[in-house]
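Hi there,

Here is the structure I promised to pass on to you. Have a look at it first, and then read on for what turned up.

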Amino acid sequence: MGDISCSNGISSGNGVNGKSHSSLNGYRKSCWYEEEIEENLRWCFALNSILHTGASQYQDIALLDTKPFGKALVIDGKLQSAEVDEFIYHESLVHPAFLHHSSPKTVFIMGGGEGSTAREILRHKTVEKVVMCDIDEEVVEFCKAYLVVNREAFCDPRLEVIINDARAELENGKECYDVIIGDLADPIEGGPCYKLYTKSFYEHTVKPRLNQGGIFITQAGPAGIFSHTEVFSCIYNTLRQVFKYVVPYSAHIPSYADTWGWVMASDSPFMLSADELDTRIKQRITGENRYLDGKTFSSASTLSKAVRKSLDNETHVYTEGTARFIYGHGSVHQQNQAKLIRNGLMEGAPGQEHKVN
């Protein structure tokens, strides 16, 4: 759950040892974004301004200008990406699968309304068609309007944007793809996406829509030394029930305050060395990666001893009846709006920019 609150820089208590601090009379009021990432752990950072707030029938949306991480997209009270480090997430999500495929031409993105996943995919010279299927048209239009870095991708003629439920689109369609990417919201209780992390979905919907040699890749939630047992380990184990070859990997993302995980799966083996990955990067990708190269992927897919042991021992299979969720929930709009109003940050209509002194 994410909240935005103002603080005068001192607590509401009596100070240290019950003494007040008159030297703080010149303090400046600050505004902070706060997200509760565990029951007893919160992550917060200072804001310059609130650029936009809104809500669709599915999700609550906010675009914040943060002091440490630049522009940050928040959906349903959960930080989705931040300007200064989103390249880590999106390069890690996209490029390993595309580099391991012999010649990826057709792609299906589940979710991805932000446009950053499509941006990275379209850098691959072999790609001929990208279908981005997101259920929430308002999020897509919001990101088109406000995320300047992805405007070129949205204008690329190879990209087709479909507003629909990804499950329905795959089940009702006949086309198969070289790569299918799950760039979905986290599986949170009350959220719309947890059913797209289940064994039945992977087995009966995703796998039949992959071409021979096709690769499926999904974001898989927090993968830290303590947080990986929330959903990362069971998503990995679930995909092992469906595909012959499954590779989990992770990277630290500063704005998430944690290590994040992805899982790549196929019925064809992943055989490339770090040097071979670097060769394909030079041959296939337009422009230079900021984060991922061959050695980086080798490191990312070498998990710590504790996480490896946990994944090896994981027995839970993700189903609709036995779903696991990351901490949080999927409906925070009214609470956040009320808090914004109380703090004097939404004096105008939603969508107006609100400066923070």
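Asp183 counts as buried because its relative accessibility is 12%, where buried means under 20% relative accessible area with a 1.4 Å probe and protein chains only. This is a predicted model, in which local features need pLDDT of at least 70 and side-chain atom pairs count only at pLDDT 80 or more, while totals for chains, interfaces and linings use all residues. Residues are numbered from 1 along each chain as its sequence is written, and side-chain values use heavy atoms, leaving out hydrogens and water.

Back to Asp183: an unreviewed UniProt entry lists this residue under "active site", and such annotations may be inferred rather than shown by experiment. The side chain of Asp183 makes a polar contact of 2.8 Å with the side chain of Tyr89 (a pair of N or O atoms within 3.5 Å, one able to donate a hydrogen and the other to accept it; residues adjacent in sequence count only if both atoms are side-chain atoms).

Asp258 is another buried residue, and it has no salt bridge (a side-chain nitrogen of Lys or Arg within 4 Å of a carboxyl oxygen of Asp or Glu). The nearest side chain of opposite charge belongs to Lys78, 9.7 Å away; Lys and Arg count as positive, Asp and Glu as negative, and His and the chain ends are not counted. What Asp258 does have is a polar contact of 2.7 Å between its side chain and that of Ser227.

Enjoy exploring!

Methods: Buried means under 20% relative accessible area, exposed over 50%, partly exposed in between (1.4 Å probe, protein chains only).
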